[in-house]
Amino acid sequence: RFINDRIKLDFTYYDSKSIDQIINIPVSATSGFTSKTINAGEITNKGFEVMLGANVLTTSSGFEWDINVNWAKNTNEIVSLAEGIEQYELGSYWSMKVVNIPGQSYGTLFGYDVKRAPDGQIIHDGGVPSQGELKNLGSFTPDWTGGISNNFRYKNLDLSVLIDTRQGGSLYSMTTTWGRYAGVLDETLLGREGGIVGVGVKEAADGSFVPNDVVVTAEEYNKAAFVNSIASSSVFDASYIKLREVRLGYTFRKLGAIKDLNISFVGRNLALLSSTVPHIDPETAFSDSNVQGLEFGQLPSARSLGFSVRLNF
């Protein structure tokens with residue numbers, strides 16, 4: 001704490017190792033079972049958390065303004081699994097799997113990409129993409145998380161506003177895959193009149209690649225590019241910024257035996273300020289097996305509005 005407590009700094013560094021994780025490994029079905037539970041594996045987590053607080057303004061009239069900022073970064077690695085186990089599956093949807101692999105981050109997404117030319121451009125066959133290689137499509141673990149809160153007080157009134165963020169990490173959205181395949185999302189309006197020429201290349205007779213110029217219908221293109229056997233087209237950056245909470249309160253003081261009574265109006269999860277994932281809230285992505293990084297049939301996230309009453313005697 002500095003300058004008569006007007007500035008506060010908290011820094012935490014950690015380096016932890018978790019061993020003997022509880023995991024299920026497959027066994028021959030002839031035994032009467034398909035898996036067994038064992039203790040195995042080692043995971044490391046390293047990172048730090050920083051919180052900085054400051055009293056920005058204090059006036060003689062009773063107005064105060066405080067800011068608190070927090071920032072955290074974690075780096076994890078699957079060091080080892082059970083002997084003879086090359087990877088451990090946390091969950092899957094169709095061809096997309098969330099797995100733990102030694103040397104990779106926890107919760108790595110493995111799925112099929114579209115077929116690509118040596119320079120990375122999408123190869124079109126008959127005007128549409130096709131299934132390419134099985135590859136690492138990212139991890140659901142974020143690069144960093146953070147938030148900023150502003151707290152205002154004037155005499156008996158108080159107001160607080162909290163914004164938080166998650167940056168980095170990947171998310172697979174089955175809503176996008178099936179929505180595009182079925183033609184029910186806004187994006188499928190493109191090309192319904194006049195067709196679509198996919199951005200990328202096609203293979204010429206001599207084996208070289210030339211710009212794609214084949215026109216296909218919107219239905220043909222979406223049903224080829226957004227299909228269960230191709231995962232990469234529905235993998236998105238899971239970053240977001242949210243207006244997490246707003247609280248407005250008033251404090252009544254010295255009410256008989258009550259030292260003070262605070263009544264506040266509270267709103268939580270009020271707005272998704274920034275996101276690159278279409279149609280869904282990236283924070284509440286989930287699957288039926290409760291695996292992070294997979295989304296399917298997500299219900300819209302809800303705001304909550306309410307009151308808080310606090311008594312001090």
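**Close-up views of a predicted model**

**View A. Strand β11 and its partners.** Strands β11 and β19 run parallel to each other and pair over two bridges. Pairing here takes at least two bridges found by DSSP between two strands. The strands (E, at least two residues) and helices (H or I, at least four) are DSSP runs, numbered from the N terminus. What you're looking at is a predicted model, where local features need pLDDT of at least 70 and side-chain atom pairs count only at pLDDT 80 or more, while totals for chains, interfaces and linings use all residues. Residues are numbered from 1 along each chain as its sequence is written, and side-chain values use heavy atoms, with hydrogens and water left out. β11 also has β16 as a partner: these two are antiparallel, joined by three bridges. Look for L171, whose bridge partner in β16 is F236. Both faces of β11 are covered, with S170 and Y172 buried on one side and L171 and S173 buried on the other. Buried means under 20% relative accessible area, exposed means over 50%, and partly exposed is in between, using a 1.4 Å probe and protein chains only.

**View B. Zooming in on S173.** S173 sits in strand β11, which covers residues 170-173. Buried or exposed? S173 counts as buried because its relative accessibility is 0%. Across in β19, E295 stands opposite S173. Setting aside neighbours within four places in sequence, S173 is in contact with S234, F236, I280 and E295. Contact means heavy atoms within 4.5 Å.

**View C. Helix α1 and what covers it.** Helix α1 spans residues 174-182, and its buried residues are M174, T176, T177, G179 and R180. Among the elements covering those buried residues are β4, β11, α2, β16 and β19. Just past α1, G183 has a positive phi of about 80°.

**View D. The largest nonpolar core.** Twelve residues make up this core: Y93, M96, V98, L109, L137, F140, Y172, M174, A231, V235, V291 and L294. A nonpolar core is a set of buried Ala, Val, Leu, Ile, Met, Phe, Trp, Tyr and Cys residues joined through side-chain atoms within 4.5 Å. In soluble globular proteins, nonpolar side chains tend to be buried together.

**View E. The largest pocket.** This pocket has a volume of about 230 Å³. It was found on a 1 Å grid over the protein atoms alone: a pocket is an open set of points where a 1.4 Å probe fits, with protein on both sides within 12 Å along at least five of seven lines, and lining residues have an atom within 4 Å of a point. Grid points are joined across faces, edges and corners, and the volume is the space filled by probe spheres set on the points. There are 17 lining residues, and I122, R180, Y221, A225 and F226 lie nearest the centre of the pocket. β6 (108-114), β12 (196-197) and α2 (218-225) each contribute at least two lining residues. By class, the lining has ten nonpolar, three polar and four charged residues. Here Ala, Val, Leu, Ile, Met, Phe, Trp, Tyr, Cys and Pro count as nonpolar, Asp, Glu, Lys and Arg as charged, and the others, Gly among them, as polar.

**View F. The hairpin of β4 and β5.** These two strands pair in the antiparallel sense over five bridges. E89 has V99 in β5 as its bridge partner. The hairpin has two residues between its strands, and W94 takes a positive phi near 50° there. W94 counts as exposed because its relative accessibility is 54%.

**View G. F209 in strand β14.** F209 lies in β14, residues 209-211. With 35% relative accessibility, F209 counts as partly exposed. F209 and Q121 are 88 residues apart in sequence, and their C-alpha atoms are 9.7 Å apart in space. Not counting residues up to four places away in sequence, F209 touches A117, P118, I123, V201, K202 and E203.

**View H. D260 in strand β18.** Strand β18 takes in residues 258-275, and D260 is found in it. At 12% relative accessibility, D260 counts as buried. Which residues does D260 touch, not counting those up to four places away in sequence? They are T251, F252, R253, R310, L311 and N312.
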